[in-house]
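This report covers selected residues of one protein model. Please have the sequence and the structure open while reading.

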Amino acid sequence: MNTLTAQMSSDGGPWRLYVVLYGETEWPTVRWESGPVPTVAERRKALAYLGYEVASGANWSWIEDSQKHDDDSTPVVLIAAVDVREQEGATT
């Protein structure tokens, strides 16, 4: 089964989790109001809502970026990523 990438990001506002679908104009997305980082259980539930699950053996990884590319004086954007696959029997 092919894997895709799910990412979650925030620049201090709401958190957004989405599954990257190359060639598509809209990606399946879940949003949380601003606050603490969504837990792994909350992310797993959101992925299931979208019809996906974390791929076997995959772990979330984190990076940080600048809100404006190549300008480290702008607010930090936190980005998490994990490999996912469609759930058995899911229709997305």
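## Basis

This is a predicted model, in which local features need pLDDT of at least 70 and side-chain atom pairs count only at pLDDT 80 or more, while totals for chains, interfaces and linings use all residues. Residues are numbered from 1 along each chain as its sequence is written, and side-chain values use heavy atoms, without hydrogens and water.

## S10

S10 belongs to strand 1, residues 4-10 (strands are DSSP runs of E, at least two residues, numbered from the N terminus). S10 counts as buried because its relative accessibility is 6% (buried is under 20% relative accessible area, exposed over 50%, partly exposed in between, with a 1.4 Å probe and protein chains only).

A polar atom of the S10 side chain lies 3.1 Å from the backbone nitrogen of G12. The S10 side chain also reaches the backbone oxygen of P14, at 3.5 Å.

## Q67

Q67 is in strand 5 and, at 41% relative accessibility, is partly exposed.

Leaving out residues up to four places away in sequence, Q67 touches D11, T74, P75 and V77 (contact means heavy atoms within 4.5 Å). The side chains of Q67 and D11 are 2.8 Å apart in a polar contact (a pair of N or O atoms within 3.5 Å; within protein, one must be able to donate a hydrogen and the other to accept it, and residues adjacent in sequence count only if both atoms are side-chain atoms).

## W62

W62 lies in strand 5, residues 61-68. With 38% relative accessibility, W62 counts as partly exposed.

Conventions
Helix = DSSP H or I, 4+ residues; strand = E, 2+ residues; numbered from the N terminus.
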